[in-house]
Amino acid sequence: MSESSGTVIATFSRRMDVRLADGEIVGARIKGKKLKPVCGDSVTLGPLPGEPDWLITRVNQRSNELTRPNIRGSAEVLAANVDQLVLTVAAVPAPDWFIVDRYLAAAENMPASAAIVFNKSDIKAPDDNEELRAFADLGYPVIVTSASEGDGVERLATQLADRVSIFVGQSGVGKSSLINALLGEEAQKIAEISRKLDEGKHTTVNSRMLPLAGGGEVIDSPGVRDYAPSISDMSEVAHGFREIRAAAAHCRFANCRHLKEPGCAVKQGVEDGEILARRLESYRRLLRLTERLGENRY
Ligand SMILES: Nc1nc2c(ncn2[C@@H]2O[C@H](COP(=O)(O)OP(=O)(O)O)[C@@H](O)[C@H]2O)c(=O)[nH]1
Ligand SMILES: [Mg+2]
Ligand SMILES: [Zn+2]
């Protein structure tokens with residue numbers, strides 16, 4: 001079997017679409033049960049005689065992984081080799097800022113950069129939004145868009161240029177609409193046609209990666225009702241929150257968990273109005289969740 005390398009651009013449980021180096025897209029299945037390629041993976045694969053599907057024989061070393069815990073508490077990988085998380089929120093449905101915090105915690109630990117998009121500005125402009133201002137103060141780019149009116153789409157395109165970005169966030173915030181606005185009708189249609197080749201065989205698209213005209217890739221992901229990163233070491237929890245990580249250096253105890261310890265600089269930061277109370281609460285929730293999952297991990 002002659003070997004090629006390619007990038008996984010869509011997954012349908014155990015079947016995937018792989019883009020070869022020359023741009024051709026092939027369907028593929030996976031050799032054995034141990035290999036678990038995800039969208040964004042670089043894989044080694046080869047054609048199978050007498051079959052349209054190719055066979056993936058190897059998943060190449062990943063630069064990072066976007067994860068969430070599965071019910072047994074171990075990590076499920078949602079995407080790999082991602083440069084940037086685009087955390088999408090909207091005027092409606094109302095943002096859950098705790099989910100945004102947890103995606104940011106994932107980005108900090110992957111590591112990957114992160115940007116926040118506030119979509120549907122045509123419905124309600126996010127004027128004087130305390131949460132968005134706090135994210136901008138932490139150094140995260142905040143981009144206000146309207147996928148339907150086109151506002152902010154240029155700026156978003158600049159933010160995405162020449163890197164691999166995954167759109168994440170609640171269902172209905174406009175992730176797919178924004179990607180449509182970025183790619184234009186034509187590119188979307190091409191993606192649809194390539195899919196129609198064997199429609200019916202696999203229906204649930206987990207994630208799909210699409211190339212941007214000017215360079216770079218975007219991954220559309222299905223909406224979530226909730227999200228938390230899978231954490232392998234408790235120190236990653238505080239590492240996930242930039243301002244908590246920074247303040248922690250000034251806590252009285254080096255191993256301060258920022259719960260009830262005296263001389264906690266993080267708690268002091270909240271009292272002084274330098275750290276949002278919600279961010280500390282977010283950190284504490286993720287700490288508790290991670291501890292609980294750790295206890296159940298077997
Ligand atoms: N008013 C308005 N509606 C939008 C905008 N973007 C998306 N929508 C609508 O919001 C709904 C959900 O959009 P979709 O892209 O499927 O969201 P996704 O679940 O995050 O992929 C659809 O009915 C879209 O037409 C926007 O900028 N303004
Ligand atoms: Mg969608
Ligand atoms: Zn502390």
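K175 holds a polar side-chain atom 2.8 Å from an oxygen atom of ligand 1. The protein covers 66% of the 580 Å² of accessible area that ligand 1 has on its own. This is a predicted model.

**Contacts of ligand 1**
- N119 reaches ligand 1 through its side chain: an N or O atom there is 3.1 Å from a nitrogen atom of the ligand.
- V173 takes part through its backbone, where an N or O atom lies 3.4 Å from an oxygen atom of ligand 1.

**The shell around ligand 1**
- Ligand 1 is surrounded by 15 residues.
- The closest of them are D122, A147, G172, K175 and S177.
- By class, the shell has 9 polar, 3 nonpolar and 3 charged residues.
- Helix α4, residues 175-196, supplies the largest share of this shell, with 3 residues.

**The zinc site**
- Ligand 3 is a zinc ion, and its protein donors are C251, C256, H258 and C264.
- Along the chain, the donors follow the spacing C-x4-C-x1-H-x5-C.
- C256 and C264 are both buried.

**Geometry at the zinc ion**
- The site of the zinc ion is tetrahedral, with angles of 104 to 115 degrees among its 4 donor atoms.
- For four tetrahedral donors, the ideal angle at a metal is 109.5 degrees.

Definitions and conventions:
Residues numbered from 1 in each chain as written. Chains lettered and ligands numbered in written order. Predicted model: local features only at pLDDT ≥ 70, side-chain atom pairs only at ≥ 80, totals over all residues. Heavy atoms only, no water. Near = heavy atom within 4 Å. Polar contact = N/O pair within 3.5 Å; in protein donor to acceptor, adjacent residues only side chain to side chain. Areas by Shrake-Rupley, 256 points an atom, 1.4 Å probe, with all protein chains shown as cover. Helix = DSSP H or I, 4+ residues; strand = E, 2+ residues; numbered from the N terminus. Nonpolar A, V, L, I, M, F, W, Y, C, P; charged D, E, K, R; others polar. Donors = N, O, S within 2.8 Å, 3.2 Å for Na, K, Ca; no water. Tetrahedral: all angles 85-135°; square planar, octahedral: opposite > 155°, others 65-115°. Buried < 20%, exposed > 50% of the residue type's maximum accessible area, 1.4 Å probe, protein only.
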